[in-house]
2 protein chains.
Amino acid sequence: MKRRILGFIRIIRPINGFMMSLAVLVGAWLTLSETPSPLLLQKILLGAVTAFTLSGASMTINDYCDYEIDRINEPNRPLPSGAVKLEESLILASMLIIIGLAAALFTSMWTALLALVSLVFSVTYAVRGKRTGLPGNFLVSFCVAVPFIYGGFIVTNGFDYKLLFFSLMAFLSNTGREITKGIVDISGDKSHNMRTIAVVYGERFAALLASIFFVASVLFSIAPPILGLVSVWFIPLVAIADIGFIISSIALIQKPTRQNAKRIKNLILLWMMIGMIAFLAGK
Amino acid sequence: MKRRILGFIRIIRPINGFMMSLAVLVGAWLTLSETPSPLLLQKILLGAVTAFTLSGASMTINDYCDYEIDRINEPNRPLPSGAVKLEESLILASMLIIIGLAAALFTSMWTALLALVSLVFSVTYAVRGKRTGLPGNFLVSFCVAVPFIYGGFIVTNGFDYKLLFFSLMAFLSNTGREITKGIVDISGDKSHNMRTIAVVYGERFAALLASIFFVASVLFSIAPPILGLVSVWFIPLVAIADIGFIISSIALIQKPTRQNAKRIKNLILLWMMIGMIAFLAGK
């Protein structure tokens with residue numbers, strides 16, 4: 001029984017869900033210009049629920065799609081180990097989708113639409129996107145950036161430029177990171193017929209393309225202070241992230257090996273988090 | 001030549017230095033109640049310089065002390081590989097200390113004193129602290145918490161209660177994390193005669209003690225909103241971190257293995273960062 005319950009918890013990957021909820025809260029907070037009303041606060045919390053449940057549904061559907069591969073590579077996962085049955089995983093995913101979309105509908109019609117689009121994107125990735133290389137990377141990056149946009153969307157119906165820049169930078173840097181991950185997974189991906197950048201064009205090209213995305217994100221980071229969207233605090237903090245992105249890009253191009261790419265993909269996550277802290281402190 | 005320059009960069013571990021600078025900026029930002037004057041801003045940036053250089057000096061001294069061990073275990077590090085000579089590392093550390101303390105003196109007499117104390121603590125850890133188990137863990141946690149305090153110290157001469165709670169929570173959760181790391185490194189530590197909690201009392205006890213520190217940190221997180229030190233935004237964000245700490249504690253106690261401890265020490269870092277984001281958003 002305990003193994004079954006643990007299986008249901010493990011298959012939804014609650015930590016990913018927490019991250020998605022966190023992103024909704026951060027997106028909402030960045031957009032707010034005054035103390036929110038209790039009603040708005042409630043909507044934002046519903047947004048966090050939507051993010052958590054839809055993330056859980058995507059993760060479950062992802063494991064459902066990977067069942068055959070995981071039976072060989074990851075026999076301890078909830079599905080191949082038998083802790084969760086295949087049909088149970090689909091019921092779980094359906095329930096999570098219903099809760100998530102209901103919470104989104106209680107927020108507004110438009111947020112429900114955005115939630116639905118995000119769900120379609122993440123399921124598309126799970127079903128087919130992984131094999132497609134760059135388009136798949138874009139799908140993942142969309143799913144990383146969308147909860148921030150979603151949080152902002154709950155607060156305002158207009159466009160928040162600060163959040164637009166922030167989401168764009170998250171999208172770009174995460175795409176670079178996904179390409180870098182392709183260098184780490186190259187041998188496994190090759191044997192599974194995944195057409196990632198690293199598999200199709202080689203490690204060196206992947207490292208270069210990833211670095212272009214990182215540098216693009218760095219270049220965009222200059223805009224918010226120039227446009228006066230952020231306070232002076234943004235500058236020293238984003239400088240740390242930017243130096244990090246540039247050092248990591250140089251290191252990756254110089255030595256696009258599996259070992260080095262693995263180290264750098266973790267560092268990139270750190271620079272992304274510091275970039276987020278820059279926006280938080282620069283509000 | 002390139003190898004030598006890279007060696008000098010690698011030995012100071014610039015990423016750790018960036019983290020320390022980031023913490024000073026975050027500590028200052030959390031303490032500020034109004035837009036800082038140019039003079040204050042300059043002092044805060046000097047604080048970031050102090051953090052970066054003194055961190056670099058500690059890292060270099062640490063590698064100097066570990067030279068004999070690294071010759072066997074980590075032959076590629078700057079000192080054992082010969083990229084940086086032993087005497088050069090001491091000159092480098094001295095120069096970094098002079099720059100760091102000078103920057104601190106330009107800030108104020110009191111910050112210079114705090115910088116000096118922190119340096120003594122981190123060097124104590126490098127020279128002897130590592131072998132001592134819990135006292136060594138406390139030294140590391142002090143060095144993790146102190147840059148936040150330092151940043152706040154630059155801004156105000158009085159005590160900032162919010163920052164006090166924040167630093168205390170950082171101290172407690174990092175101590176738990178250090179104990180967890182002891183479970184990961186148990187076999188290596190045993191053979192090097194390190195008297196960590198895991199070596200002396202076993203994995204199970206270490207897991208339990210680490211969890212007590214995590215839960216203590218969670219309990220302290222209730223205080224800031226009750227005392228009205230933070231806004232309502234603190235609550236949902238810190239809730240994510242708190243749930244994470246509790247889930248990780250349960251997982252660690254249930255299975256205090258090397259593999260599991262390794263996974264959990266990374267998760268703990270994530271919860272710590274989310275806790276910091278909670279303070280940032282709750283300002």
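Tutor: What follows is a conversation about helix packing and selected residues in this predicted model.

Student: Let's start with chain B. At what angle do helix 3 and helix 6 of chain B pack, and how far apart are their axes?

Tutor: Helix 3 of chain B, which covers residues 38–65, packs against helix 6 of chain B at an angle of about 155°, and the two axes are 8 Å apart. Because of that angle, helix 3 of chain B counts as roughly antiparallel to helix 6 of chain B. The residues of this contact divide into 17 nonpolar, seven polar and one charged.

Student: And is the crossing of helix 3 of chain B and helix 6 of chain B left-handed or right-handed?

Tutor: The crossing of helix 3 of chain B and helix 6 of chain B is left-handed.

Student: What about helix 6 and helix 7 of chain B, how do those pack?

Tutor: Helix 6 of chain B and helix 7 of chain B have their axes 6 Å apart and pack at an angle of about 150°, so helix 6 of chain B is roughly antiparallel to helix 7 of chain B. Here the crossing is right-handed.

Student: Which residues make the contact between helix 6 and helix 7 of chain B?

Tutor: Helix 6 of chain B contributes B:Ile97, B:Leu101, B:Ala104, B:Leu105 and B:Thr107, while helix 7 of chain B contributes B:Met109, B:Thr111, B:Ala112, B:Ala115, B:Leu116 and B:Leu119. By class, this contact has nine nonpolar, two polar and no charged residues.

Student: Is B:Leu116 buried or exposed, or something in between?

Tutor: B:Leu116, which sits in helix 7 of chain B, residues 109–127, is partly exposed, because its relative accessible area is 40%. Its C-alpha atom is separated by 23 Å from that of B:Leu172, a residue 56 places away along the chain.

Student: What else does B:Ser89 touch, sequence neighbours aside?

Tutor: Not counting residues up to four places away in sequence, B:Ser89 touches B:Ile11, B:Thr60, B:Tyr64, B:Leu79 and B:Val84.

Student: Then B:Thr175, where is that and what does it touch?

Tutor: B:Thr175 is placed in helix 9 of chain B, residues 161–184, and it is buried, since its relative accessible area is 0%. With residues up to four places away left out, B:Thr175 touches B:Leu134, B:Asn137, B:Phe138, B:Ser141 and B:Phe213.

Student: Changing topic to backbone angles: what is the phi of B:Arg13, and what is that of B:Asn193?

Tutor: B:Arg13 has a positive phi of about 45° although it is not a glycine, and B:Asn193, also a residue other than glycine, has a positive phi near 65°. B:Arg13 is in the loop between helix 1 and helix 2 of chain B, whereas B:Asn193 lies in the loop between helix 10 and helix 11 of chain B.

Student: How accessible is B:Arg13, and how accessible is B:Asn193?

Tutor: B:Arg13 counts as partly exposed because its relative accessibility is 26%, while B:Asn193, at 61%, counts as exposed.

Student: Now chain A. Which residues meet where helix 2 and helix 15 of chain A come together?

Tutor: A:Val26, A:Trp29 and A:Leu30 of helix 2 of chain A meet A:Met276, A:Phe279 and A:Leu280 of helix 15 of chain A. By class, this contact has six nonpolar, no polar and no charged residues. The two helices pack at an angle of about 30° with their axes 10 Å apart, and their crossing is left-handed.

Student: Last one: what is A:Ile240 in contact with, beyond its sequence neighbours?

Tutor: A:Ile240, found in helix 14 of chain A, residues 234–254, is in contact with A:Trp271 and A:Ile274 and also with B:Phe18, B:Ser21, B:Leu22 and B:Leu25, leaving aside neighbours within four places in sequence. A:Ile240 counts as buried because its relative accessibility is 6%.

Terms used
Residues numbered from 1 in each chain as written. Chains lettered and ligands numbered in written order. Predicted model: local features only at pLDDT ≥ 70, side-chain atom pairs only at ≥ 80, totals over all residues. Heavy atoms only, no water. Helix = DSSP H or I, 4+ residues; strand = E, 2+ residues; numbered from the N terminus. Buried < 20%, exposed > 50% of the residue type's maximum accessible area, 1.4 Å probe, protein only. Contact = heavy atoms within 4.5 Å. Axes fitted to C-alpha atoms, helices over the stretch in contact; angles between N-to-C directions. Parallel < 35°, antiparallel > 145°, perpendicular 65-115°, else oblique. Left-handed = near helix turned anticlockwise from the far one by under 90°. Nonpolar A, V, L, I, M, F, W, Y, C, P; charged D, E, K, R; others polar.
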